[in-house]
Amino acid sequence: MKDRTYTADAAPGDHATVAGWVHEIRDLGGIAFLIVRDTTGKIQVKLEKDEMDEELVETGLDVSRESVIKVVGDVKEEPRAPTGVEVVPESIEVIAAAETQLPLDPSGKVDAELPTRLNNRTLDLRRDEAKAIFEIRAEVLRAVREAFRDFHATEINTPKIVATGTEGGTELFPITYFGEEAFMNQSPQLFKQLMVGSGLERVFEIGPIFRAEEHNTPRHLNEATSIDFESAFFDHTEAMDVCEAVVKAAYEAVEENCEGQLEALDLADEFEAPSGEFPRLTYEEAIQRINATGELDEQLVWGDDLPTEGEHALGQDVGEHYFITDWPSEIKPFYIKDHDDDETLSTGFDMMHPRMELVSGGQREHRYQRLIEGFEQQGLDPDAFDYYTKMFKYGMPPHAGWGLGAERLVMTMLDLDNIREAVLFPRDRQRLSP
Ligand code: AMO
């Protein structure tokens, strides 16, 4: 629609065409108002029953809420209108009528449960709050890309249909690939590592990961978006520096560019980008601090993975984003390198929001023989990973990187209760459509 004006741009004195959805109809007797909504906001359309063309007034009064209409008319200043302006229409065209019974109320006056909202996402995203989440998500990804560019990382795209898994065999989704067994990729881990040995050296990818997670929890998805980073000639501390900078850049961009969206989510006053350095706790310190909170029934000992309640207790104690470093080697994956001076300690790290884990990363094992041993120790057949391991024989530099869950970043940033709020069409154990 070439001559269309967004409602936010309609200014007094304009002769404008606005097009959007009928948000509300207010019939006050001699006068009635249609509120038309588009992606930029809302505008009032005035209907004066005695003074305007009868057919035009009738079209305006008969149209059902959420129908798509086009209104042509003069834009006038009107201090009593919600946005200070109104359209005095010369024509109203109903482009797509909406049924009067809607599965949910896009004006937000009647609350709907999350499953109803997810089943009717199109209508749900007509609400300012739901829409704001995805506008912020887009800003987060834009800022993250820009931050990576400042670090001279090249954006890559790696295959999502793969022959082998990397992050634990039970979480793989098998598929049939021309009669052969294949899997949906759980992580671009091996491919991004292969790229640090290529001429690209430093890469990032923002793409889907697929995990047949057992858990149906508010923070797990079966299809998530992973923000992955990997760099040649980096150790784990340098990887943590980039991780911290990228997360801060995302927060700062939202703080700077998403004022209206934060208002829609009622977060404008409390939203704050993290400013200080993220504390770096060793695993040993982490379990000591968790034990000291007294929140767990049983004390954690060296080698235990951190249970969810432990993460919560520690998160409350620390109260800001933080890293956990120096994990026991045995609970980190085969591709993570151990410390040179103590092989029981891994260079793996996690980056945590007080509510949950956002990132895993580490320096990688780049020595061929050690890598093969790592596969065997983890019960994986190195031959199945030949496409990966053999490149470590042709000059693979030391390297490090990490993976950050985009939905968890948005969820924690916006204090959402459920990760599904941050995905348009979530995939979980119960949900395969829409
Ligand atoms: P990991 O498996 O810890 O590490 O995943 C990295 C981050 O991705 C997000 N994430 C998920 N988010 C929602 N639902 C899920 N099912 C899900 N699984 C993972 C989390 C998590 O912290 N290859 C390593 C990364 C690396 O070492 O570079 C990896 O995938 O935010």
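This is a short exchange on how terms are applied to a predicted model.

Trainee: Why is Tyr177 called partly exposed?

Mentor: Its relative accessibility is 42%. Partly exposed lies between under 20% for buried and over 50% for exposed. So Tyr177 counts as partly exposed. Tyr177 sits in strand β8, residues 173-177.

Trainee: Which residues make a nonpolar surface patch with Tyr177?

Mentor: Ile161 and Phe178 make the patch with Tyr177, at about 380 Å². A patch residue needs over 30% relative accessible area. Tyr177 has 42%.

Trainee: What makes Glu113 exposed?

Mentor: Exposed means over 50%. Glu113 has 60% relative accessibility, so Glu113 counts as exposed. Glu113 lies in the loop between β5 (85-96) and α2 (114-119).

Trainee: Why do Lys42 and Asp128 count as a salt bridge?

Mentor: The cut-off is within 4 Å, side-chain nitrogen to carboxyl oxygen. The side chains of Lys42 and Asp128 meet at 3.3 Å, N to O. Therefore the pair counts as a salt bridge. Lys42 is in strand β3 and Asp128 in helix α4, 86 residues apart.

Trainee: What makes Asp105 and Arg65 a salt bridge?

Mentor: Their N to O distance is 2.9 Å. The limit is 4 Å, so the pair qualifies. Asp105 is in the loop between β5 and α2, and Arg65 in the loop between α1 and β4, so the bridge ties together parts 40 residues apart in sequence.

Trainee: Why is Asp105 called buried?

Mentor: Buried means under 20%. Asp105 has 14%, so Asp105 is buried. Arg65, at 35%, is partly exposed.

Trainee: How do you know that Arg280 and Glu244 form a salt bridge?

Mentor: They meet at 3.8 Å, N to O. That is within 4 Å, so the pair counts. Arg280 is in strand β12, Glu244 in helix α6, 36 residues apart. Glu244 is buried at 7%, while Arg280 is partly exposed at 35%.

Trainee: How many salt bridges does the whole structure hold?

Mentor: The search finds 34. Arg117, Arg121, Asp124, Arg127, Glu129 and Glu421 are linked in a network of them.

Trainee: Which element gives the most to the lining of the second largest pocket?

Mentor: α10 does, with four residues. The pocket holds about 420 Å³. Its lining divides into three nonpolar, six polar and nine charged residues.

Conventions
Residues numbered from 1 in each chain as written. Predicted model: local features only at pLDDT ≥ 70, side-chain atom pairs only at ≥ 80, totals over all residues. Heavy atoms only, no water. Patch = residues over 30% accessible without salt bridge, like charges linked within 9 Å, V, L, I, M, F, W, Y side chains within 5 Å. Areas by Shrake-Rupley, 256 points an atom, 1.4 Å probe, with all protein chains shown as cover. Helix = DSSP H or I, 4+ residues; strand = E, 2+ residues; numbered from the N terminus. Buried < 20%, exposed > 50% of the residue type's maximum accessible area, 1.4 Å probe, protein only. 1 Å grid on protein atoms, 1.4 Å probe; cavity = no way out; pocket = protein on both sides within 12 Å on 5 of 7 lines; lining within 4 Å. Points joined across faces, edges and corners; volume = space filled by probe spheres on them. Nonpolar A, V, L, I, M, F, W, Y, C, P; charged D, E, K, R; others polar.
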